[in-house]
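Open the model in your viewer and keep the selection tool handy. We will walk from one stop to the next, and at each one I will tell you what to pick and what you will find there.

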2 protein chains.
Amino acid sequence: MSGWLAIAGLGPGDNAMLTGEVREALALATDVLGYIPYIARIPARPGLMLHPSDNGEELDRARHALRLAADGGQVVIVSSGDPGVFAMASATFEVLGECQDWLRMEIRVMPGITAMLAAAARAGAPLGHDFCAMNLSDNLKPWPLIEHRLRLAAQADFAMAFYNPRSTARPDGLGRALAVLREECEPERLLVFAHAVTTPQERITTVTLAEARPEMADMRTVILVGNKATTRVGRYVYTPRRSQ
Amino acid sequence: MSGWLAIAGLGPGDNAMLTGEVREALALATDVLGYIPYIARIPARPGLMLHPSDNGEELDRARHALRLAADGGQVVIVSSGDPGVFAMASATFEVLGECQDWLRMEIRVMPGITAMLAAAARAGAPLGHDFCAMNLSDNLKPWPLIEHRLRLAAQADFAMAFYNPRSTARPDGLGRALAVLREECEPERLLVFAHAVTTPQERITTVTLAEARPEMADMRTVILVGNKATTRVGRYVYTPRRSQ
């Protein structure tokens, strides 16, 4: 059995942010699986089979990849950003125990530049002190848990990054999240809305909590929230390393 | 004024995790500045001046880099991991306002693979759900704040990553942090001690909270703490995407 499985991160969009090891795994692959728009980023070549699938099919995609690798394929599952952050690595380990052969296989997770760190780099350094990353989608957890976690994160004075803050199927959550922040934080708190970071559609907007509106985000946005010391210098936003 | 400044992440150690844009910035640079062991990772070449400096000299290093770039240099400040995570990006923006010329300069933060995500990839996917990143050093914040934040993070059921958990100058903090976790979490909670991740000295150890000892960490360790759903499958540790 010479097959292997890599679960690889493509970074946020710009191929200049790919790592060497991910580039190499893609060059060796016989099969690449992933969500349709991520597969669209992989150039076709002879000997490579591309397997696009839809959002919400993560567990089936993982099983398909594991079967291909167990049959001797050199298989890469791609996520945008980092596969370990709200992406395909957890989905794959969730099904790994279903088959003894899969447990013996060579599996490697290959990190990528995750959206919040690419967004932070574009804005300056808003995640330069203790911070948290939260998925604001309530597809996989109840909304009261999101709200509870958000409130504690604000009380702990973490800087924050919100993934999946808003979609057409979930238009209302972000307004509720902003309401929690308004109860816990001062109106001058800085937020960065980073849309389609590192792509030609990139748009980075910094506003105060008082100015923030849910309509500023869509499904390609990551939102960064500063801590109480986060400040501006010139066109940059940063969080100092020191805190009281 | 044709100079520029890049604040670039070298990733955790293995050069296969460098991004293309960081590789290119290093190839163009006239000057590279950074902490001594990170500068040791940059190959010497004609036309490139290497400027190693010691730990604790971050603000002076940033000023030096800004002056070199203002004089027309093509300057890279390197951090290991990601420059925006407990590293040189915040330090640079902290001094940027000291000089009007610096504010007009071309400055670019180039993300890298940060230690917690490289460690998570090696272990499986322990940061696969909402998580936080904390610097356990009390050099730049008071210990009671660390303890307060840690307690709220545990109550929020975040998975966690601890940077700088222990050094010879700070041998005792980690024991106190583990004591806080023991008050808030069950003894079976999974922790990953990741030492020198992606280097030849890499050592990844998974233990329960009951088994965890401060001596398992040193200054090259990042510690990952699962949430209450984090589990093992085969030799991997992962946090499910779903939570109650």
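Start in chain A by selecting helix α7, residues 143-155, together with helix α8, residues 173-184; their axes come within 10 Å and cross at roughly 30 degrees. That makes α7(A) roughly parallel to α8(A), since angles under 35 degrees are counted that way. Bear in mind as you look around that this is a predicted model. Turn the view until one helix lies over the other, and you are looking at a right-handed crossing of α7(A) and α8(A).

Now show the side chains where these two helices touch. On α7(A), pick A:Trp143, A:Glu147, A:Leu150, A:Arg151, A:Ala154 and A:Gln155. Facing them on α8(A) are A:Gly173, A:Arg176, A:Ala177, A:Val180, A:Leu181, A:Glu183 and A:Glu184. If you colour the contact of α7(A) with α8(A) by class, you get six nonpolar, two polar and five charged residues.

Next, hop over to chain B and select α7(B) and helix α8 (residues 173-184) of that chain, whose axes come within 10 Å and cross at roughly 30 degrees. The angle makes α7(B) roughly parallel to α8(B), and the crossing of α7(B) with α8(B) is right-handed. Among the residues that make this contact are B:Trp143 and B:Leu150 of α7(B), and B:Val180 and B:Leu181 of α8(B). The contact of α7(B) with α8(B) consists of six nonpolar, two polar and five charged residues.

For another kind of helix pair, go back to chain A. At what angle do the axes of α3(A) and α4(A) cross? Select α3 (residues 58-70) and α4 (residues 88-96): the axes come within 9 Å and cross at roughly 70 degrees. That makes α3(A) roughly perpendicular to α4(A), and α3(A) passes α4(A) in a right-handed crossing. To see the contact, display A:Glu58, A:Leu59, A:Arg61, A:Ala62, A:Arg63 and A:Leu66 from α3(A), then A:Met88, A:Ala91, A:Thr92, A:Glu94, A:Val95 and A:Leu96 from α4(A). Here the contact of α3(A) with α4(A) divides into seven nonpolar, one polar and four charged residues.

Time to zoom out and bring both chains into view. Chain A and chain B bury about 5700 Å² between them, with 59% of that on carbon and sulfur atoms. Select A:Leu140, A:Arg149 and A:Arg241 next: they supply 14% of the area that chain A buries against chain B, more than any other three residues. The contact draws 70 residues from chain A and 70 residues from chain B.

How many salt bridges run between chain A and chain B? The count is eight, while over all chains it comes to 26 salt bridges. For one to zoom in on, pick A:Asp130 and B:Lys141, which form a salt bridge with their closest N and O atoms 2.5 Å apart. A:Asp130 sits in the loop between β6 (124-125) and β7 (131-135) of chain A, and B:Lys141 in the loop between β7 (131-135) and α7 (143-155) of chain B, so the pair joins two chains.

For your last stop, select A:Lys141 and B:Asp130, whose side chains meet in a salt bridge at 2.5 Å, N to O.

Conventions. Residues are numbered from 1 along each chain as its sequence is written. Chains are lettered from A and ligands numbered from 1 in the order in which they are written. This is a predicted model: local features need pLDDT of at least 70, side-chain atom pairs count only at pLDDT 80 or more; totals for chains, interfaces and linings use all residues. Side-chain values use heavy atoms; hydrogens and water are left out. Axes are lines fitted to C-alpha atoms, for helices over the stretch in contact, and angles run from 0 to 180 degrees between N-to-C directions. Helices (H or I, at least four residues) and strands (E, at least two) are DSSP runs, numbered from the N terminus. Angles under 35 degrees count as roughly parallel, over 145 as roughly antiparallel, 65 to 115 as roughly perpendicular and the rest as oblique. A crossing is left-handed if the near helix is turned anticlockwise from the far one by less than a right angle, and right-handed if clockwise. Contact means heavy atoms within 4.5 Å. Ala, Val, Leu, Ile, Met, Phe, Trp, Tyr, Cys and Pro count as nonpolar, Asp, Glu, Lys and Arg as charged, and the others, Gly among them, as polar. Buried area is the accessible area (1.4 Å probe) that two parts lose on being put together, summed over both. A salt bridge is a side-chain nitrogen of Lys or Arg within 4 Å of a carboxyl oxygen of Asp or Glu.
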